[in-house]
Amino acid sequence: MPYGVYDMTANAGFVSVGITSDTAEFAVPSIRCWLERMGRQRYPHARELAITADCGGSNGARVRLWKLELQKLADDTGLAICVHHYPPGTSKWNKIEHRLFCHITQNWRGRPLTDRLAVGELIGATTTKAGLKVESALDTRNYQRGIKVSKAQMKCLDITGDQFHPEWNYTIRPRPP
């Protein structure tokens, strides 16, 4: 299961390849891994992180676990996390599809994906003439499906909806220690 981060400014990608389910519990650690391996070095003075995401799947606008895991990331890193979801049915406009994953799939076209190592190596070997470089990492942790997040847990989030479609666009700020 791949989960990708595409840095539009640097034209660089990072893909975490998981071995279990695509859940928010997997998606946010992938972002954390990008931040630790590439993001902090590239943007050492950053105070916020902007994320564009689809409206469905593990990082969907209505996924409570996604928001809870992002809150943990904000708390741990001190970054405000601004999330902007594409409206339902418009995920094809997400830059990650056209500037990252399409090149990855072209790179492994016609090659057998025999094991996790082959998948990681093919993803990590992806480059383009326009300068795209991709790194990958294998995430061997076991992520469970169906984790429930209570209303009480949701009330503890420091989340503020934007004026324009707050159900799709919001900021999660670090909570005081």
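Author: Two strands count as paired if DSSP finds at least two bridges between them. The model discussed here is predicted.

Reader: How many bridges join S6 to strand S7, and in which direction do they run?

Author: Strand S7 covers residues 169-172, and its pairing with S6 runs antiparallel. Pairing needs at least two bridges. For S6 and S7 the number of bridges is three.

Reader: Which residue in S7 is the bridge partner of Gly161?

Author: Gly161 belongs to strand S6, which spans 159-161. S6 runs antiparallel to S7. Across that pairing, the bridge partner of Gly161 is Tyr170.

Reader: Which strands stand at the edges of the open sheet?

Author: The sheet has four strands with mixed pairing, in the order S3-S4-S7-S6. An edge strand has a single partner, so one of its sides is left without a neighbour in the sheet. Neighbouring strands are turned by 20° against each other on average, direction ignored. The edge strands are S3 (48-53) and S6 (159-161).

Reader: Where does H1 bend, and by about how much?

Author: Helix H1 has 19 residues, 24-42. From first to last C-alpha it reaches 25 Å, close to the 27 Å expected. The bend lies at Leu35 and is about 50°.

Reader: What covers the buried residues of H1?

Author: The buried residues of H1 include Phe26, Ile31, Trp34 and Met38. One of the strands covering them, S1, is itself mostly covered, with five of its six residues buried. The cover of H1 includes S1 (2-7), S2 (12-18), S3, helix H2 (64-77) and S5 (133-139).

Reader: Which residue in the turn between S1 and S2 has a positive phi?

Author: S1 and S2 run antiparallel and are joined by six bridges; one of the bridge pairs is Val5 with Phe14. The two strands form a hairpin with four residues between them. The positive phi, about 50°, is that of Asn11.

Notes: Residues numbered from 1 in each chain as written. Predicted model: local features only at pLDDT ≥ 70, side-chain atom pairs only at ≥ 80, totals over all residues. Heavy atoms only, no water. Axes fitted to C-alpha atoms, helices over the stretch in contact; angles between N-to-C directions. Expected span 1.5 Å × (residues − 1). Bend = angle between axes of the 7 residues up to and from the residue. Buried < 20%, exposed > 50% of the residue type's maximum accessible area, 1.4 Å probe, protein only. Contact = heavy atoms within 4.5 Å.
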